[in-house]
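Hi,

Here is the structure I promised to pass on. Have a look at it first, then read my notes below.

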Amino acid sequence: ASATGDGLQYAVVIDAGSTGSRVHTYRFKPSAKGPELIDDDFHQLKPGLSSFADTPDKGAESLTPLLEAAVARVPASAQSVTTIEVRATAGLRLLPGDKAEDLLAAVRRFLAKYPFTFDDSS
């Protein structure tokens with residue numbers, strides 16, 4: 001993340017757990033020693049992403065309230081330079097066959113609708 005008009009940096013992390021999904025929107029102050037955390041805006045919802053194993057697009061759409069919270073937290077001028085990551089827990093990774101990858105692919109497609117910078121390799 002790079003500094004924005006307010007001089008702050010932002011990062012968004014979605015934690016896709018088996019019992020619920022959460023979003024952390026971090027604000028950082030740049031410094032010579034590296035970014036200093038100012039705060040973490042936290043929101044969560046249930047059920048978890050793995051509950052949508054058979055309906056991956058609905059699973060991706062279930063993240064809408066979390067993503068809207070992140071959009072509301074990050075100033076518009078900073079959104080295009082704010083990174084977003086999705087972290088999956090063991091519950092998602094343990095889904096049978098290609099179900100986990102299908103869910104994550106649906107999430108990747110869904111994230112493309114948002115202004116954040118998504119690194120598909122994470």
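Is β1 largely enclosed by the rest of the structure or exposed? Seven of its eight residues are buried, so β1 is largely enclosed (buried means under 20% relative accessible area, exposed over 50%, partly exposed in between, with a 1.4 Å probe and protein chains only; helices, H or I of at least four residues, and strands, E of at least two, are DSSP runs numbered from the N terminus).

Before the rest, note that this is a predicted model, where local features need pLDDT of at least 70, side-chain atom pairs count only at pLDDT 80 or more, and totals for chains, interfaces and linings use all residues. Residues are numbered from 1 along each chain as its sequence is written, and side-chain values use heavy atoms, leaving out hydrogens and water.

On to the partners of β1 (strands pair if DSSP finds at least two bridges between them). Eight bridges tie β1 to β2 (residues 21–29) in the antiparallel sense, and a hairpin of four residues links the two. Ala 11 sits opposite Tyr 26 of β2. With β4, β1 runs parallel over six bridges; there, Asp 15 has Arg 87 as its bridge partner.

Val 12 has contacts (heavy atoms within 4.5 Å) beyond its neighbours within four places in sequence, including Val 23, Ala 70, Ile 84 and Phe 116.

Back to Tyr 26: this residue is partly exposed, at 22% relative accessible area.

Happy browsing!
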